[in-house]
Each structure stands twice: as structure tokens, then as C-alpha cells.
Amino acid sequence: MIIKKFIANDFKGALKQAKKEMGSDAIILHTSKVRRGGIFSFLFSPQVEITVAVDESLQVNSDRLRKPVSSTAVSSTAAAAEPNRPVFSPQDANPGAQAIAQSAPGELLQELQTMKNLINDVKVKIYEVEQIKGISGEVQAFYETLINNQVEKELALKIINRVESRLPKDSKGDELWVRDLCLHTVQEYINNIKPIELQREQKGALVFMVGPTGVGKTTTIAKLAANMSFLEGKEVALITLDTYRVSAAQQLRTFAEIIGIPISVVFNPQDLGEAIKQYQEKDIIFVDTAGRSPYKDEHMEELQDFIEAANPDEIILVLSVTTDSSDLINIYQQFNLIGVDKIIFTKLDESCNYGRILNTVYHIRKPIAYLTTGQSVPDDIEVPDTLELARALLREGGAI
Ligand SMILES: Nc1nc2c(ncn2[C@@H]2O[C@H](COP(=O)(O)OP(=O)(O)OP(=O)(O)O)[C@@H](O)[C@H]2O)c(=O)[nH]1
Ligand SMILES: [Mg+2]
């Protein structure tokens, strides 16, 4: 395998150079923006650098007319890519190897671990390269952007494979076509949007807001209650089960007073039924729960007791996008033991990692109800616009 870097003023130029020198089987491994050197570098916009790989055996077999690749090409992962050649053989060892052998066992183990990780990285990269082989350059560039926006590799590969299979042959080099198709395909993965919808004749709709500590449950209830009350003219009531901290119940009480809606503080499941009955004529009752660790059985059992006593119409799990994808999925799985109908993602203003939203909904397959984008009540909440979200996922730096 031969790996080489190409720099040009834009992606198209770099890709053209790469294709010319490396052939059309070349695969883009990485795309980045680089600044020119020199004291006046700030006067110029950054250039685009692409790292491209080509499988030599494939080159010889499939395109005999192609010009030979220049001898300056970097051939760093070549050994790993050849199946019959050991990835690390004594002959290849650098002069430092003997010194390593003489060092303390702890250091040696650490060195071995580093090598193991390196080999693993190379294996993953080769798998990735195998997967995107044959995919047109423009689509590969979107793969890089998805990865940079924290979309999982497996999912990003799925998306670009779907795009490639839909791309008409005569549109392969057409950047606008490819972009539209990518947008449309990403949108398909995030199109399950279900905000709270109250039926005209329905009264006393009961909505529980659950989730880990500090994700924004109380603030989100305040935003929804205010918007439903002021903008939609709905009758709203609040119940809080968060009696662990004096300030918690007070926080929601203050919002309720400002909005001008009733609120009850409930201490145990037995009293919850009474409170709900009291608000049966309201259009909607929001129940705020205490932020609990999803990994503590006693916390989840307590929440379950409240939910069994109330039998809510909807349980909405509130998740913050400042949490890692794998944690988001684990948290969901724990709360889903009680039952989760929808998700609200909060704090989009604090993170550009929208890939986490895509990863999470891809794995859990539950609808998104709302996104929240700041601390302001009631403004910083919205029903997701899937096109905007897809655009953010396909944009370098990703902000909506
Ligand atoms: N930046 C940002 N901050 C938010 C957002 N939503 C809530 N917050 C802030 O996050 C902090 C915690 O919000 P709460 O609403 O108290 O969170 P909670 O989930 O009710 O917390 P507990 O009840 O303690 O579990 C507060 O400072 C909120 O202002 C958001 O969309 N963006
Ligand atoms: Mg709270």
C-alpha cells in the first residue's frame, strides 16, 4: 500500500492531483485544512491537504496504463497491508529495539502495549480502507466530515455506502449532486421526530421527564410549560418529585409562579395519584423527577414506583449532548428498563458533537421530541429541523 499527501487550494484540486498521480483506485484516508508557511500566511485562506492510499497490486491488475507512482511516495503502512508479510519482523526492527530489550520489564510491557495499539490502529484503518475502496472521492470526503463530527465509523460507512449505491453513474464527479444525496441520506437516519402533541379533546395528559443529574430536566419543563401556556393557550400544571434538595422544588416553584401555573410537591408514590387527580381538567401535567444515577438500583426502583403509581402517557428521557455516545446509549438502556417513549437532547449550544445525536438515535431507535440550545426560558428549545441537523453533520466544525 502506498500512502501520499497532496495539497491544493481546494478539495477538488487536491483530489485531481491525487487521481492523476495515484490513479482512480486511490482512497482518501484523511482530509484536513493546512495553513501556508511564512510570515504572511495569515493573508491567505487555508489549503486543503488530503492523504491518499493506493493498493499497488490493485493498481497493476486494474490499470496497466497508469503512470508509475512517484518514488517519493510514503509507504508507511505497506507491511501491514500485505497479507504474507509479518507486520513486525526482527529484520525490520529499528536500532532502538535492542535497547528496549535491555530495559526494565515495566517499560518493555508498556512498549509492547504501544505496539499492540499501533497494530490495532493499522488493522482498523485497513478495514476502513477496504470498506471505502471503490467509493467515489466526493463521497469519501463526506465520510471524513462525518467522522470528524463524531459519527461512529460503522454508521458513517453505512451512510456513504447508501449514498454511493444511489448515485447515478453520470453524477459521480458532480459535487452538488453528491452533497444533496448525502444530506438526504443523513436525514433519513434522523427523521423520527415526535414533539408532544395534545389531542383537542384530551385532558390531563401526563408527561414524566426523567434522566441523569443536571442534564436540564427542570429547565426543559419550564420552557415547555411556558410555551404551551403562552403560545398555545394550554392549561398546564406541574408536579415535582424532586424533594432531595430544598432548592430543587423551589427552582420549579419559581418558574411556575412566573408562568402563573399551579405546582404540587409530592413526596411518595401514594400521594402522587391525589396530585394527578387534582389536575385532571388541565390539558397537560408535567412531572419533574430528581436526577438519578441510572446505575444505582435503588434510584431506579424508586422512580419505577412513582411511574407505576402514575401510569403516564409519555416518559421523556432527557440527555445532554455533552455526554459521550457510548454513555448516552448505556444511560438510555438503563432508563428504558422503566420505559422511554422519546428523547430530548439538551445543551446543543455547549457541544458541536452532533454525531452523538445520530449515533444515539441509530442505536436506540426512539423519536426525538425536542432539542434545547441554551439556558433561556422559554426561548432555547425547538422541534428538530432534520435538514438543519443533517447540514450540521455534513459541515466541518458542525455548529447548527
Ligand atoms: N448551556 C445550556 N445549559 C442548559 C440547557 N438546559 C439546561 N441548562 C442548564 O443546566 C443546568 C442544570 O439544569 P436543570 O434544569 O436544573 O437540570 P436537571 O436535569 O433538572 O438537574 P437535576 O434536577 O439536578 O438532576 C442549569 O444551569 C441550566 O440552566 C441548555 O440547553 N444549554
Ligand atoms: Mg431538576
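Me: Is Leu394 buried or exposed, and what is its relative accessible area?
Reply: This is a predicted model. Leu394 sits in the segment after helix H15 (386-393). The cut-off for buried is under 20% relative accessible area. Leu394 is therefore buried, with a relative accessible area of 4%.

Me: What distance separates the C-alpha atoms of Leu394 and Tyr143?
Reply: Leu394 follows helix H15. Leu394 and Tyr143 are 251 residues apart along the chain. Their C-alpha atoms are separated by 8.8 Å.

Me: Where is Ser136 found, and which side chain does Ser136 contact?
Reply: Ser136 is in the loop between helix H5 (105-132) and helix H6 (137-148). Its relative accessibility is 12%, so Ser136 counts as buried. A polar contact of 2.9 Å joins its side chain to that of Glu164.

Me: How many salt bridges does the structure hold?
Reply: Side chains of opposite charge can pair when their charged atoms come close. A salt bridge here needs a side-chain nitrogen of Lys or Arg within 4 Å of a carboxyl oxygen of Asp or Glu. The salt bridges in the structure number 11.

Me: How many residues apart in sequence are the parts tied together by Lys282 and Glu235?
Reply: Lys282 and Glu235 form a salt bridge, with the closest N and O atoms 3.3 Å apart. Lys282 is in the loop between helix H11 (269-278) and strand S7 (284-288), while Glu235 is in the loop between helix H9 (217-230) and strand S5 (236-240), so the pair ties together parts that are 47 residues apart in sequence.

Me: Is Glu235 buried, partly exposed or exposed?
Reply: Glu235 has a relative accessibility of 42%. Buried means under 20% and exposed over 50%. The value lies in between, so Glu235 counts as partly exposed.

Me: Which helix holds both Lys277 and Glu274?
Reply: Lys277 forms a salt bridge with Glu274, and the closest N and O atoms are 3.7 Å apart. Lys277 is exposed, and so is Glu274. The two lie three residues apart, about one turn of the helix, in helix H11.

Me: How far apart are the closest N and O atoms of Asp324 and Arg356, and what parts does the pair tie together?
Reply: The salt bridge between Asp324 and Arg356 has its closest N and O atoms 3.2 Å apart. Asp324 lies in the loop between strand S8 (314-320) and helix H13 (325-335) and Arg356 in helix H14 (residues 355-364), so the pair ties together parts that are 32 residues apart in sequence.

Me: Which residues form the negative surface patch, and how accessible is Glu308?
Reply: The patch is made of Asp297, Glu298, Glu301, Asp305 and Glu308. Glu308 lies in helix H12 (residues 297-310). Exposed means over 50%. Glu308 is thus exposed, with a relative accessible area of 57%.

Me: What separates the C-alpha atoms of Ala309 and Gln270?
Reply: Ala309 is also placed in helix H12. Ala309 is partly exposed, with a relative accessible area of 39%. Gln270 is 39 residues away along the chain. The C-alpha separation is 7.2 Å.

Me: Where does Pro378 lie, and what is omega for the peptide bond from Val377?
Reply: Pro378 lies in the loop between strand S10 (368-372) and strand S11 (381-382). The peptide bond from Val377 to Pro378 is cis. Its omega is near 5 degrees.

Me: What is phi of Gln150?
Reply: Gln150 lies in the loop between H6 and helix H7 (153-166). At 38% relative accessibility, Gln150 counts as partly exposed. Phi is positive in this residue other than glycine, near 70 degrees.

Me: What is phi of Arg365?
Reply: Arg365 is in the loop between H14 and S10. Its relative accessibility is 58%, so Arg365 counts as exposed. Arg365 is not a glycine, yet phi is positive, about 50 degrees.

Note on methods:
Residues numbered from 1 in each chain as written. Chains lettered and ligands numbered in written order. Predicted model: local features only at pLDDT ≥ 70, side-chain atom pairs only at ≥ 80, totals over all residues. Heavy atoms only, no water. Patch = residues over 30% accessible without salt bridge, like charges linked within 9 Å, V, L, I, M, F, W, Y side chains within 5 Å. Areas by Shrake-Rupley, 256 points an atom, 1.4 Å probe, with all protein chains shown as cover. Lys, Arg positive; Asp, Glu negative; His and termini not counted. Charge placed at Lys NZ, Arg CZ, Asp CG, Glu CD. Helix = DSSP H or I, 4+ residues; strand = E, 2+ residues; numbered from the N terminus. Buried < 20%, exposed > 50% of the residue type's maximum accessible area, 1.4 Å probe, protein only. Polar contact = N/O pair within 3.5 Å; in protein donor to acceptor, adjacent residues only side chain to side chain.
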